[in-house]
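Subject: Structure handover

Hello,

Here is the structure we talked about. Please open it first, then read the notes below.

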Amino acid sequence: MKDLITFETLPNWVPGRLLLASDGLGWKNVALRSYHYEGQDVTVPAMRDFMLVGYRSGVTPMQRRFDGRWTKETLGPGAVSLLTRAQQVSWSWVEPIDVTHVYLSGALVAEVASEVLDCTVTDVALADILRTEDPVMTHAMSAIAEEAQTQDLGGALYVDSVARGLIVHLLRRYAMVRTPPESDAGGLSRTQQARILEYIDAGLSQSLDLTGMAEALSLTPCLFARQFRRSFGLPPYAFVKARRLERARHLLARTTLPIKAVAADCGFSDQAHLTRLFSAAYDVTPAVFRRQAS
């Protein structure tokens with residue numbers, strides 16, 4: 001893996017005229033470059049990042065050799081090519097074209113995959129697709145390119161948000177995901193159940209996430225989530241929400257704490273958040289529940 005090339009060095013193998021770049025904009029795990037290319041025949045070493053190629057202008061026959069197999073397409077505006085990371089690839093085309101590259105780091109893709117699947121993901125591979133016409137992809141790539149051009153307020157945060165949505169789309173349609181093999185024949189032991197309940201109850205006023213709960217039992221998030229559900233009948237996020245609502249009911253009925261303070265003590269973002277979830281769960285607002293309880 002140490003020999004993987006970066007997008008910054010890609011012109012060493014694919015020479016072209018740089019039209020636009022996100023270099024120096026402070027983006028993390030996402031980058032963009034646009035090039036004008038004349039026809040050429042090149043072989044690109046395995047790259048560190050996933051690469052999406054959007055075709056902006058010009059139409060050309062294109063051949064690509066990936067994993068020992070050649071594919072052929074005619075590519076022009078509206079088309080997108082996908083290339084997974086860490087794989088050598090050869091390209092051959094004859095006509096001048098303008099393209100936009102969006103580079104996504106392996107770490108970001110694995111992170112989003114882990115969040116989507118509620119599981120530790122060790123590796124993601126994109127399908128080898130020389131040509132697809134996908135409005136979701138082209139819109140996301142255009143939005144990232146426009147941000148590189150305009151450099152508006154909050155650009156890095158905006159690009160991260162767009163990229164994460166794009167990755168979810170890629171995972172749904174074009175990706176293969178690998179998770180570590182784990183033994184999960186049963187649920188949590190009684191000792192583990194007692195320990196995680198204590199951990200959850202002690203942290204209800206704070207932010208509780210899957211990783212932290214799993215670490216409390218020295219388990220991976222994926223294994224923890226499956227065993228937790230087997231033991232308690234709910235996924236961890238749903239169980240924590242129910243536990244917060246139970247505490248809120250207790251405090252509303254047994255104390256005179258302001259509802260705003262109850263919301264904070266139970267880990268809700270604000271009083272409105274508590275009211276919305278409480279009403280959905282019990283068909284009554286916290287204020288009405290308190291009056292009825294008294």
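A charge counts as sitting over a ring if NZ of Lys or CZ of Arg is within 6 Å of the ring centre and within 35 degrees of the ring normal. Arg-249 meets this: its charged end sits over the ring of Tyr-282, 4.6 Å from the ring centre.

Some ground rules. This is a predicted model, where local features need pLDDT of at least 70, side-chain atom pairs count only at pLDDT 80 or more, and totals for chains, interfaces and linings use all residues. Residues are numbered from 1 along each chain as its sequence is written, and side-chain values use heavy atoms, with hydrogens and water left out.

**The sheet**

Helices (H or I, at least four residues) and strands (E, at least two) are DSSP runs, numbered from the N terminus. Two strands pair if DSSP finds at least two bridges between them. An open sheet is built from 6 strands, in the order 1-2-9-4-7-11, with antiparallel pairing. Strand 1 (17-21) and strand 11 (129-132) are at the edges with a single partner strand each, so one side of each has no neighbour in the sheet. Strand 2 (residues 30-37) and strand 9 (residues 97-104) run antiparallel and are joined by 8 bridges. In that pairing, Tyr-37 stands opposite Ile-97.

**The cores**

A nonpolar core is a set of buried Ala, Val, Leu, Ile, Met, Phe, Trp, Tyr and Cys residues joined through side-chain atoms within 4.5 Å. Buried means under 20% relative accessible area, exposed over 50%, partly exposed in between (1.4 Å probe, protein chains only). The largest nonpolar core has 33 residues. Leu-32, Leu-52, Leu-82, Leu-104, Met-137 and Leu-170 have the most contacts inside it. A second, separate core has 25 residues, including Ile-5, Tyr-37, Phe-66 and Leu-83.

**The rings**

Rings of Phe, Tyr and Trp (its six-membered ring) pair if their centres lie within 6.5 Å; planes under 30 degrees apart count as stacked, over 60 as edge-to-face and the rest as tilted. The structure holds 9 aromatic pairs. One of them is stacked: Phe-7 and Tyr-103, 4.8 Å centre to centre with 20 degrees between the planes. Phe-7 lies in the segment before strand 1 and Tyr-103 in strand 9, so the pair ties together parts 96 residues apart in sequence. Phe-7 counts as buried at 10% relative accessibility. Tyr-103 is buried too, at 2%. Elsewhere, ring pairs link Phe-224, Phe-228, Phe-232 and Phe-239 into a cluster.

Best wishes
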